[in-house]
Amino acid sequence: MNRLIICGSPRARGRSAGLAEALRFACEDAFPNDRVDVVMLSDVRIAPCTGCEACAANLGRNELYCVISDDMLRVRALLNACDELLLVSPVYFAGAPAQLKSFLDRLQPYYYANWRAKPKRPASLYVVGEGGDPHGFGPLVGEARSALSVAGFALGDVHDWVGLIGADGAVPAGADLFRDGRIHPASAYTCSGPDGTFPR
């Protein structure tokens, strides 16, 4: 089984990076025969989507074509090959940081290639932050759930580690990263507006 950990923080060292590295070790210990890949978005260059829709225009020739040639090519290959995705993200004003948002937006080719109709692979979201934002992080969950869905993933659990990771990225001693923290189903996070509550 292939597991992919993506750390969405723009910082190479910090809470999210520390948790992502601890998750890698935890996966390697718990599943010694499985492959574990880690992508730190702070270390790769993924430009934002330009909305050009070249991915739709080239659908018949190249299923996941994107006119932007950058590190997303390598990350997409890992994404396609993984059986399970673990996404680690800090909270920036209740949502995703720019680097993670660029990655999520660049999943647009999967939408046109209809990967959302394929059997869903499991995904989990690990949320990290100093704490104290009264607006929570519901928008981050919504962004991740929507984008990952078109790429063939079902966001299951949200692991809330906000306020539990040290500024230096230190994870609490003896913590079980699969069971500790505050865990809620992604379905518990909804967005409400004049047209109702989503997802319906």
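Me: Which residue is the bridge partner of Arg121 in E5?
Reply: In this predicted model, the bridge partner of Arg121 in strand E5 is Phe153. The chain gets from E4 to E5 by passing through helix H6, residues 138-150, and this β-α-β crossover is right-handed.

Me: How many bridges join E4 to E5, and do they run parallel or antiparallel?
Reply: Six bridges join E4 to strand E5, which covers residues 153-160, and the two run parallel.

Me: And what about E3 and E4, in which sense do they pair?
Reply: Strand E3, residues 84-90, pairs with E4 in the parallel sense, over six bridges. If you want to find this pairing in the structure, you can look for Leu86, whose bridge partner in E4 is Ser124, and for Leu85, which stands opposite Ala123 in E4.

Me: Is E4 largely enclosed or open, and why?
Reply: Strand E4, residues 121-128, is largely enclosed by the rest of the structure, because seven of its eight residues are buried.

Me: Zooming out, in what order do the strands sit in the sheet?
Reply: Six strands form an open sheet in the order E2-E1-E3-E4-E5-E6, and the pairing in this sheet is mixed. Strand E2 (35-40) and strand E6 (182-185) stand at the edges, where each has a single partner strand, so one side of each is left without a neighbour in the sheet. If direction is ignored, neighbouring strands of this sheet are turned by 20° against each other on average.

Me: Which strands does H6 touch?
Reply: Helix H6 packs on the sheet and touches E3, E4 and E5, while its direction makes about 155° with that of E5.

Me: Switching to H3, which strands does it lie across?
Reply: Helix H3 lies across E1, E2, E3, E4 and E5, and it runs at about 140° to E1.

Me: Which residues of H3 are buried?
Reply: In H3, the buried residues are Met72, Val75, Arg76, Leu78 and Leu79. They cover an arc of only 160° around the axis, which means that they are on the same side of H3. As background, an α-helix has 3.6 residues a turn, so residues three or four places apart point the same way.

Me: What about H4, which of its residues are buried and what covers them?
Reply: In helix H4, residues 98-105, the residues Leu100, Ser102, Phe103 and Leu104 are buried. What covers the buried residues of H4 includes strand E1 (2-7), helix H3 (72-81), E3 and H6.

Me: New topic: where does Glu84 lie, and is it buried or exposed?
Reply: Glu84 lies in strand E3. With a relative accessibility of 17%, Glu84 counts as buried, because the cut-off for that word is under 20%.

Me: What is Glu84 in contact with, apart from its neighbours within four places in sequence?
Reply: Leaving those neighbours aside, Glu84 is in contact with Met1, Asn2, Arg3, Leu4 and Pro122. Met1 is 83 residues apart from Glu84 along the chain, yet their C-alpha atoms are separated by 8.1 Å. As for Arg3, its side chain makes a polar contact with the side chain of Glu84, at 3.0 Å.

Me: So where is Arg3 found, and what else does Arg3 touch?
Reply: Arg3 is found in strand E1, and at 6% relative accessibility Arg3 counts as buried. Not counting residues up to four places away in sequence, Arg3 touches Cys27, Phe31, Asp34, Arg35, Val36 and Asp37, as well as Glu84.

Technical notes. Residues are numbered from 1 along each chain as its sequence is written. This is a predicted model: local features need pLDDT of at least 70, side-chain atom pairs count only at pLDDT 80 or more; totals for chains, interfaces and linings use all residues. Side-chain values use heavy atoms; hydrogens and water are left out. Buried means under 20% relative accessible area, exposed over 50%, partly exposed in between (1.4 Å probe, protein chains only). Helices (H or I, at least four residues) and strands (E, at least two) are DSSP runs, numbered from the N terminus. Two strands pair if DSSP finds at least two bridges between them. A crossover is right-handed if, with the strands pointing away from the viewer, the path from the first strand over the helix to the second runs clockwise. Contact means heavy atoms within 4.5 Å. The arc is that of the directions from the helix axis to the C-beta atoms. Axes are lines fitted to C-alpha atoms, for helices over the stretch in contact, and angles run from 0 to 180 degrees between N-to-C directions. A polar contact is a pair of N or O atoms within 3.5 Å; within protein, one must be able to donate a hydrogen and the other to accept it, and residues adjacent in sequence count only if both atoms are side-chain atoms.
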